[in-house]
Amino acid sequence: ASCLPYRKMMDAMGIDMDHLPSYNQIPFLPVRLFKEFELRSVEQESVVKTLTSSGTTGQAVSRIFLDRETALMQQKVMTKIVSSFIGSKRIPMLIIDSPSVIKDRRLFSARGAGILGFSIFGTKKEYALDEEMELDVERIKEFIEQHQKEPIFLFGFTFMIWQHFYKKLKEKNLKIDLSNAFLIHGGGWKKLQNERVSSEDFKQKLNEICGILPQNIHDYYGMVEQTGSLYMECEYGHLHASIFSDVIVRRAKDFSVANNNEIGIIQVSSLVPKSYPGHVLLTEDEGMILGEDDCKCGRRGKYFTIL
């Protein structure tokens, strides 16, 4: 009723909103549509934040329009998901990025939104990179020195951590002690594919250079089109769907639902979006569901991997 382009798509597919098909048949929107259309379900004056995806240079970016209610819902859901992994106590936080990323509060990149979202878990916050994206080793050492007797929360985008943190420390032949830290990272794996960096390599190399334990490194899967509905990686390396979201894997040839352990295209569903039609989305990622309710970590629900 509130988003004309979305209604046109549903009408074209013959969807009767009062008699929706079974859950698996609810039409998905390809995430690319958010790059090509302005899809919002609230008036422009109700938009408090516009998120943009971290597109490659020259590419169109997704634009996601948030009203106050959706932004608040995203934060609440994300807090519940993440605190079930790291606890609800706020601790000192080292952000592997530059403070320049969050300068414009109204227009956020995926990186800026990630930093701001995860900042609620940090007390004293420090950035590991300066405004020129150079590693500030002295500032990092000072931060570690101040908090050597307490746990430290590290956060950053996978690619940023590899390029600007791990590689720079290696170049300078430096080692630092972050054995009391745990790291949450996500996004940017595509940029590491050229370098043939696997998740195991990533954890191992970070362990070598700063002592962080592999089981304290958690990847997450998420996207700007469904901010808040994160899929966190457990200690066995599996991504988990929370109670607020779901994953379906679809076969590429006809979009039918794939079996467990069968590779297909990832569809994500979330209860959180209200200010834009982002609740059922087909991603551009391949993966497979590994099981449900029987992961060794003890968490319930579907668990999966992204390929």
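Visitor: How far apart are the end C-alpha atoms of helix H8, and what span should its twelve residues have?

Guide: This is a predicted model, and the values below are computed from it. Helix H8 covers residues 199-210. At 1.5 Å a residue, its twelve residues should span 16 Å, and this agrees with the distance between its end C-alpha atoms, which is 17 Å.

Visitor: Where do the buried residues of H8 lie, seen down its axis?

Guide: The buried residues of H8 are Phe 202, Lys 203, Leu 206, Ile 209 and Cys 210. Seen down the axis, they fall within an arc of 140°, so they line one face of the helix.

Visitor: Which residue just after H8 takes a positive phi?

Guide: The helix ends at residue 210. Just after H8, a positive phi of about 75° is taken by Gly 211.

Visitor: Which exposed residues does H3 carry on the face turned away from its buried side?

Guide: Helix H3 has 19 residues (68-86) and reaches 27 Å from its first C-alpha to its last, close to the 27 Å expected. Its buried residues are Thr 70, Ala 71, Gln 74, Val 77, Met 78, Ile 81, Val 82, Phe 85 and Ile 86. They cover an arc of only 150° around the axis, which puts them on the same side of H3. The face turned away from that side carries the exposed residues Arg 68, Lys 76 and Lys 80.

Visitor: Is His 185 buried or exposed?

Guide: His 185 has its place in strand E8, residues 181-186. Its relative accessibility is 1%, and the cut-off for burial is under 20%, so His 185 counts as buried.

Visitor: Which side chain does a polar contact of 2.8 Å join to that of His 185?

Guide: Leaving aside neighbours within four places in sequence, His 185 is in contact with Gly 156, Thr 158, Ile 161, Phe 202, Ile 217, His 218, Asp 219 and Tyr 220. One of these contacts, Phe 202, is also among the buried residues of H8. The polar contact of 2.8 Å joins the side chain of His 185 to that of Thr 158.

Visitor: Which residues touch the most other members of the largest nonpolar core?

Guide: In soluble globular proteins, nonpolar side chains tend to be buried together. Here the largest nonpolar core has 56 residues, and those touching the most other members are Phe 118 and Phe 165.

Visitor: In which sense does E14 pair with E1, and in which with E13 and E15?

Guide: Two bridges join strand E1 (residues 29-30) to strand E14 (residues 280-292), and these run parallel; Pro 30 has Leu 282 as its bridge partner. Strand E13 (residues 264-270) pairs with E14 over five bridges, with Val 268 and Leu 281 as bridge partners. E14 and strand E15 (residues 302-306) also pair over five bridges, and Glu 292 stands opposite Lys 302. With E1 the sense is parallel, with E13 antiparallel, and with E15 antiparallel.

Visitor: What is the relative accessible area of Ile 265?

Guide: Ile 265 has its place in strand E13 and touches residues including Ile 248, Phe 255 and Leu 282. Ile 265 is buried, with the cut-off at under 20% and a relative accessible area of 19%.

How values were computed
Residues numbered from 1 in each chain as written. Predicted model: local features only at pLDDT ≥ 70, side-chain atom pairs only at ≥ 80, totals over all residues. Heavy atoms only, no water. Helix = DSSP H or I, 4+ residues; strand = E, 2+ residues; numbered from the N terminus. Expected span 1.5 Å × (residues − 1). Buried < 20%, exposed > 50% of the residue type's maximum accessible area, 1.4 Å probe, protein only. Arc of directions from axis to C-beta. Contact = heavy atoms within 4.5 Å. Polar contact = N/O pair within 3.5 Å; in protein donor to acceptor, adjacent residues only side chain to side chain. Core = buried A, V, L, I, M, F, W, Y, C linked by side-chain atoms within 4.5 Å. Pairing = 2+ DSSP bridges.
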